[in-house]
Amino acid sequence: MTQRVTGQRFRQRKLSTKQNLPILRENEVEPLPDDEASRHIPKVETGVEKGEEIEHHLQAVIASQAVRTAAGKSENVYIPTPEAVDSQLQYPNLYPRKFTQPATYIRFSSTVEDSIGCLYCMNSDDAAFLKVYNQKRGKNIHCSEDEFEQVMNFFEEMSQTKQPYATVDNTPVLPYEDFESEFDETISELARRFAKDIYVHWKNQRLLKGNRMLMPTLKFETNLDTDDSDPYVCFRRREVRQVRKTRGRDAQVTEKIRKLRKELEEARFLMAQVKKREMAQRDQLAIDKQIFEQRAQVKELKRKLSIKADDEELLITQKPPPKPNKIKIDVPNRGVPGLVRPQVSRPDGRILDSDLIYLEDQKAKKDQMIDGFIEENLMKHQKWNVGWVDQTWRPITPPLETAVAKSEFRAVHISSESQLLTPPPSLPEENTGEQGDPMEVDQSEKQIEPRRSARIRYATPPEDIPFQEQDRFRRRLGRGGRIMMDRRGVKRPLDGVEEVECRVADRYKFSGEESEDDQIYPIDWTDNLHIRYRIMIERQGEKQHAQQAAAANRRAIENHNRSASGHLLPPSGSG
Amino acid sequence: MAPRENSNEPSGTPVPVETGFATLATLRTGVKIWVEKDREKRKAEILGIQPRRGKPSFYVHYEEFNKRLDEWVPPERLDLTREVEWPAPEKADKKKSSSSKATPAPPKVDPKNLKRSRSKLDREISATPSESTSVSIPGKASRATKANGKENKDLLVGSEAADGPTPKPEDEEMDLVDVQEAAAAAKGEPDAHYSREDEIEKLRTSGSMTQNQTEISRVRNLDRVQMGKFEIEPWYFSPYPIDFIDSEMVYICEFCLNYYGEVTQFERHRTKCTLLHPPGNEIYRDDNVSFFEIDGRRQRTWCRNLCLLSKLFLDHKTLYYDVDPFLFYCMCTRDEHGCHLVGYFSKEKESAEAYNVACILTLPQYQRKGFGKLLIDFSYLLSKREGRLGSPEKPLSDLGLLGYRAYWQETIVDLLMDGRAEGNIEDIGAASAMTTNDVLHTLQNLNMLRYYKGQHVVVLTDAVIQQRERQKEKEKIKGRRVIDPDRLIWKPPVFSAASRTWNW
């Protein structure tokens, strides 16, 4: 009711926590009626559970504090708690003075399990058993407490891993044999000697406990319905959210971890292998040394007994140095066999050096191919020529008998040797040469196709044109040091067909000194077939002596062929 | 929570309480009886009955006293000359039970028969693991409740009204629930208010305190605890291994906090234990104390041990879930034996409700020495480093409330007395890392917020000033223990989603 009155007198504003409030001493404010003092200030809860807020002692203390603040008296009231008293145990014995404080703040990450050694601690029953046991052993080696605990701990842990639900489903205690096969590094050699005897004790203890763990353990969730109401079940897992659908990132992370793990394991394996190897090497060294020493002994003995024998066998058998393995690269068979390509570049544009091809292999293969081809052709030719008289034989066949002296040939004037040496000429020259000069013929021929000159300029063949269609030139040395030019793929322009034809027909009209009645067989020297044939024959020539079997036959035809393939200058009619 | 108050005043209860005279034989759990305590008669509720040294012994909770004073009393201390209050059946079944069965006035034979048949059953199924609990005190207690507890349950689950004095074996598993429900009912806690499922879900995601009566109304299970140089009497139930019920003393290693039911085992352990301080990083050190920061996920065993230990002294702490989401800040004193744990507070790595402390405890052997204030001060220092406001998780215990109130008062009064002419509540909070609510609470509790001349003012009352000055004098004589912020070497730990999931 007073509130209403005051409310009428002045409207109270709500308390704002952001607003600055004057801080006053008590004497600066008028004392107000009690119930008005804190009105309109929101009641704040204490935070103590309501049921306990009214507890006797808490209220007593709060009341006494109120009294204190009011009266200024210092009378302490405490909430009584059960007392803590000094223990009877000898503290310094249990907790030795081992701690020295480091200068810097302690940083520590070992866990309890890392720090407390063997988890099993023997109880009084164990101690009694051990005492009796050691007495029984008499003068034999006694089992220490540590060893005892080691064994017990091993039994406990092993049965826990082997029978995790022993407490639930009443499984029988594991037999000793199961343990014996599982002994690992956690149980020392010394302790193993007592294991069998301790097992009896352990089994008894387990049976007394219903095959439960001997050390008291906390109760964790077992996923049974009883869990929830069992006050002893504690530290349940918080299933972190629901099972998430595997997101890409998660999968990546797992993948990465898996990979890492795999790599680490591989590294570990490698290290283990290296270690193994080094150990083996060490052993080997030791053995070698032993052998050496024993041999030395043998030597001594031999000398003593003056046995004369070959001492060579006593030398340490020296192993031949390991031969470097020959790396053989299988050269894949490329392209059409039998075709010799001018190996400037290849149609696939690769540089030649990029493939390691053994010359001898390649040569052998080529030779084989060529031989086969030639053999075949020779047979063909023989077949074709059966019953025919070769009229061309005589006039074309060059004299076989003697190597003609250089002087017997006409001197060839080479106007500019460099040009001839580097076919094709970079520029078609204006032909001013005399008629009758053999080289002039060649040049004049080029002159008649001036439109192609641009193409000829290239020093290296363009890559965009297929190999077969490219123009190619070759310089050859003929007998008597003559220089010959072979070309290939040069097409004649269509419009000048007639003219060229007749020119070609008359090409050799005046080139020879021979009589008129000698037949002239016009041959297109630039024809692919002919070029190929010539090449083959040249190769054949190299191989000649190696191929004795077909020699006679071949030689005849070869001569014939050579005449067919011809030279720039048909031989004089001397043959 | 009004119902609670009602149930504490029998006269005002809407449902009249059944009263009557009882004999030792008719006493059962849930009965409220007058018990002699410190030469005074106090009304107490029987929570458990167990034969001890040939005589029945009664575990009683004194009304209006904290549960830490619950104790076993011999029958001599029970006042059977006064009427006892029979436990009220649940409100829901009040109507029903009146029709189906008479009020649970105990016919003399009934509990005895029950007990006998029960114990026979016990023997028969004692091999099952769940039965191990019923050997324990709570189990005993539950058995004793059976007479009325079963009734409640029957009505709850709606099974046949009464199936004779011999209960079915399946009932066994319901026992604990029964006794807890009974306890909750006895406490006058309406269980509909805050369902168990809700609370468990809340605890799963955050927090470490429970309001659940079923979890906190448990009979203390350990008699005595030996730790370091001291023997301590536990205050509350803690889920230490069930085997320890038979142990007169549980030995706790001061450094690794492992627990042993036998002195031989403990002594053996001490020969092997190499820990000399809490297994974490020291983040603060001054002449008196050191603080260690320990990650619950990395030091699971140690933190579990710590929680088991602290549960002995914290009523509302729950160990339902594991320790992973908490950091533990442990305060130690040092000597050449090692770093002795004095107290600690736990803190959620990420608190949804901006708590800066989950549980806080000074071990009983070190209480009333000013350590609690240091702990609280340190928790606020961490909050200041984080640049956050913090508040302890609720509910506070009685001792916790007093400790915090004292700290808050001192802090705020110091701030206000630095000569400033005005101040606002949020600034005070920001300067002390206290939430606005806590500042308000403190000012209001000390009657320092007033309305004067049309506006609110903060009044530094004479009483408050006097008290502060007295305190300062005392500090001058005894020496003042404070936390020196410069000695804290600490960065707020950051926990990424990956580190929480994968422990990176």
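Chain A has a mean pLDDT of 72, and 58% of its residues score at least 70; pLDDT is the predictor's confidence in each residue, from 0 to 100. This is a predicted model, in which local features need pLDDT of at least 70 and side-chain atom pairs count only at pLDDT 80 or more, while totals for chains, interfaces and linings use all residues. Residues are numbered from 1 along each chain as its sequence is written, and chains are lettered from A. In chain A, pLDDT stays under 50 over residues 1-9, a stretch with 6 contacts beyond four places in sequence. Residues 414-458 of chain A also stay under 50, with 53 such contacts. Contact means heavy atoms within 4.5 Å.

Both chains contribute to an open sheet of 4 strands, ordered E19(B)-E1(A)-E21(B)-E20(B), with mixed pairing. Strands (E, at least two residues) and helices (H or I, at least four) are DSSP runs, numbered from the N terminus, and two strands pair if DSSP finds at least two bridges between them. E19 (422-423) and E20 (449-452) of chain B each have a single partner strand, so one side of each is left without a neighbour in the sheet. Between the chains, E1 (residues 21-25) of chain A pairs with E21 (residues 455-460) of chain B in the parallel sense over 3 bridges. Arg25(A) has Leu460(B) as its bridge partner in E21(B).

Elsewhere in chain B, helix H13 (residues 425-432) packs against helix H14 (residues 436-445) at about 110 degrees, with axes 8 Å apart. H13(B) is therefore roughly perpendicular to H14(B), a term covering angles of 65 to 115 degrees. Among the residues in contact are Ile425(B) of H13(B) and Leu443(B) of H14(B).

Technical notes:
Heavy atoms only, no water. Axes fitted to C-alpha atoms, helices over the stretch in contact; angles between N-to-C directions. Parallel < 35°, antiparallel > 145°, perpendicular 65-115°, else oblique.
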